[in-house]
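Me: I have a structure open here and would like to go through it with you. Could we begin with the helices and their charged side chains?

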Amino acid sequence: MKPILHIFAKDVRRFWPEILVSLAILAALVYVYPRQWPEVVNLPLNQRYQNMHEYANLLIALAAVSWCLLIARLIHAEALVGDRQYWLTRPYSWPSLLAAKLIFLVVFLYLPLALTQALILAASGFNPLVLLPGLFYNLLLLTGVFVLPLVAIATVTSDFFRMALTLLGVLAGMVTYIVLNQHISLDDALSPALLLPSINQLSTALLLGCFSVAAILLQYARRRTWATLLLLLCVPAVLAAGVLLKPLTARFDQGRMDRAFPPLAAGELAPLQITIPPNSFSGVSRWTTASDMANVYIRLAISGIPENKGVLIDTPARITLVAPDGFQWSGEVFEWSWGNKEFASAFKRSAVDLNMPVSAYTRLQSNPVTLRFSLPLTLLDAQKTTRVPISTQRFAIPGQGDCQAETFGPGQKFGGKAFFNCRSAFHQPPITQISADWSDAPCPAAQTELDYVGGPDWMGLSDSEPAEFGIDPMKFSYIGLGTSYREHKGKHLCSGHSFTLTQYQPERRMQATLTVANVQLPALR
Amino acid sequence: MKAAIRTESLTKRFGRTAAVESIDLAVPEGAIYALVGPNGAGKTTAIKLLMNIMRPSAGRAEVLGIDSSKLTGEAFQRIGYVSENQELPEGMTVAGMLDYFRSFYSAWDRTLEEQLVRQFDLPLKRKLTHLSRGMKMKAAFVSSLAYHPALIVLDEPFSGLDPLVRDELIEGLIERAPETTIFISSHDLAEIENFSSHVGYLEQGRLLFSEEMSVLSGRFREVTVTLSSPSPLPANLPATWLQAQTADCVVRFVHSEYREQTSHREIQEKIPSARDVSFEPMPLRAIFLAIAKSGRDSAAHSSVQEAQA
């Protein structure tokens, strides 16, 4: 223990400027972050956003950079690359050296970060002690995704300059990975989104963390830089192989899809029905005048969802258009209208956007076609409902966080678009529908017209981990009631009305095939 | 005698280049062993192999009875290592560094530390980064001698130092000699000649010989043979006669296996016209030059073999 403390004390004496900088940044973050809240600084949102939200984001970025520097300086103080370091021929034992470095990180990175998060939570009205599991989970993610990989890279570089170059290389690799991943996507392959339930943040953190720990131990115990580098290079190699082998893994992915969303049994009804509403507008246009690709827009009516249930259409939703002569075209739904893929029991309109070759469209358009949807669905069960009188006060949603209705525009609340500014700790709230007991007619003279909105909206996630990766503990949801779906004409919010927030919980996942026959596609102009 | 350092076919290759080629070496306990050779001969690599800073490509080494590949942590309680290329904790003051190192050594002698600091006139409050090369080397010496190491390994410790600093360091080192084994590498023969007890000569990664200084000095002689009449060098001269040349009635060469009882007769047999033969002892520098200039391999190999025998 004695050598560990000596090395630790030496590092503290040597790196106090770096420690001070990193602590100062966190202190500034604790000061600035809560000033995004209207109850702390009484300014309209747009001004608060400009003044404080961006400062907070800047401080978060600076904190990450200061930790990079701190980790680099700390590990390079007893560099593992090279053969001129004094410590190689002194009575250092590598476990003591590594332990001293870890204690340093705990004291000057983890503890200040945990304290910062606790203070921000407290300033936001949350009890940090209740949120300890989320805090630890977040630190676990930070360890696997950020700290351990940085330490591992520091062990195979000899100074900060080389480490910065390596990090730039990692960044370039990540960009290449994303670009490749987007370009090597086949119609038959599933989108990465499907894999999210299994390849989540924790899996990523564990994968990166395990490779990093192995590299760190190998380098400290044996100082085999090339072997350690090869081990670290396994991570991008695995990712690159995953992208390049995507065409070959389509069948495998389909198997994963079937396991994640089991197909409905024969005769079992899907929890929602799709029809084409009468007199609805559909359209088609070429991407450009000379393009051989067309964008097709088809209005849909969603119905048949049982009472107190909701349905979330997951990714990837596929559609097949079948002509009477047997010709068919199949592809992924490019987008659901207005980005809404959650539906509750009330009748609802929606629409799909498709991109398909003009030649296929021309052939399909000549006669009525059959639409066949293949949808991964999550059936949601309505849980507790919270009714909140319309006001400008922040109100709590039990077990979720708190929200405040406010406006982007200057002047009074509800003077422009009504929307909720909700915040929760460490992760997005559970999937929640927000509606109001609004009026289809203008407000009576006795009541003040507060707003004119489109209808209910959704926020949150159907699956969320105890915490999302991030330095700041707060997660935000901005839900504009005026921008969601438009099956009705606008609704009027009057004084005395209430908002209703209904939380849902995933009940079952399934794959459903829905058919709509006799659909006449509009002519391509 | 027990060896503080022993190597067996110790080899280090970098790609196709052999920096150290099959070295067999034994440094007796209590010796002051000088590993000499020109720049690039492989001295630093050999020392890094001994100190487990590098791993050998083949062969093995033992240092204080420990396999060099296992030389870590506690083993360095008994070893002091100073190198011209070694990085020190530059951000620390001299006192800070000594304070820090002191905590790692159970045998650290505070009195000896203070004595060495005074002897080397070290500025304790100055940061290492602000010290001259000579001062840094002195600080490194103090931090490597103050715990009475059983073995002191020095890699070109005097390189680039002014004579005054060099003498101070040598003085400090010689004071420690009775209690320790010293292994020192140098390309400058003059600086180690006066205090080394053993010497090894390394060239192009090969150890050409390794023996006690007195034995080495004893077996090398500069020989001058005066002939009764001018005559050419006889054919088939022994391989132990280096740099043989003749001018008028004089033949000169370096005898690498001089023996007081037999060498005179041996010369008379090889050169029957020899009228007078004189043998002059050679300084170490002259011996190395003779080896370097002559057909090294054959002479040196035979010397090593004979010395080992």
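Reply: B:Arg102 and B:Asp99 both lie in helix α2 (residues 94-102) of chain B, three residues apart, about one turn of the helix. Helices (H or I, at least four residues) and strands (E, at least two) are DSSP runs, numbered from the N terminus. This is a predicted model, in which local features need pLDDT of at least 70 and side-chain atom pairs count only at pLDDT 80 or more, while totals for chains, interfaces and linings use all residues; side-chain values use heavy atoms, with hydrogens and water left out. Residues are numbered from 1 along each chain as its sequence is written, and chains are lettered from A and ligands numbered from 1 in the order in which they are written.

Me: How do the side chains of B:Arg102 and B:Asp99 meet?
Reply: They meet in a salt bridge, 2.5 Å from N to O. The term stands for a side-chain nitrogen of Lys or Arg within 4 Å of a carboxyl oxygen of Asp or Glu.

Me: Is B:Arg102 buried or exposed?
Reply: B:Arg102 counts as buried, at 18% relative accessibility, whereas B:Asp99 is partly exposed at 44%. Buried means under 20% relative accessible area, exposed over 50%, and partly exposed in between (1.4 Å probe, protein chains only).

Me: Which residue forms a salt bridge with B:Arg102 at 3.0 Å?
Reply: That partner is B:Glu113. B:Glu113 lies in helix α3 (residues 110-120) of chain B and B:Arg102 in helix α2, so the pair ties together parts that are eleven residues apart in sequence. B:Glu113 is buried, with a relative accessible area of 5%. Through shared partners, salt bridges join B:Asp99, B:Arg102, B:Arg110, B:Glu113 and B:Glu114 into one network.

Me: How many salt bridges does the structure hold over all chains?
Reply: There are 27. One of them is formed by B:Glu8 and B:Arg60, with the closest N and O atoms 3.9 Å apart. B:Glu8 belongs to strand β1 (residues 3-14) of chain B and B:Arg60 to strand β4 (residues 58-63), so this link ties together parts 52 residues apart in sequence.

Me: New topic: what is the count of salt bridges between chain A and chain B?
Reply: The count is one, and it brings together the side chains of A:Asp83 and B:Lys48 (3.2 Å, N to O). On the side of chain A that touches chain B, helix α1 (residues 2-14) of chain A gives the most, with five residues.

Me: How much area is buried between chain A and chain B?
Reply: About 2100 Å², of which carbon and sulfur atoms give 54%. Buried area is the accessible area (1.4 Å probe) that two parts lose on being put together, summed over both. A:Thr89, A:Arg90 and A:Pro91 supply 35% of the area that chain A buries against chain B, more than any other three residues.

Me: And disulfides: how many are there over all chains?
Reply: A search of the whole structure finds one. It joins A:Cys403 to A:Cys422, S to S 2.0 Å, where a disulfide is a pair of cysteine sulfur atoms within 2.5 Å. A:Cys403 lies in strand β12 (residues 401-406) and A:Cys422 in strand β13 (residues 419-425) of chain A, so the pair ties together parts 19 residues apart in sequence.
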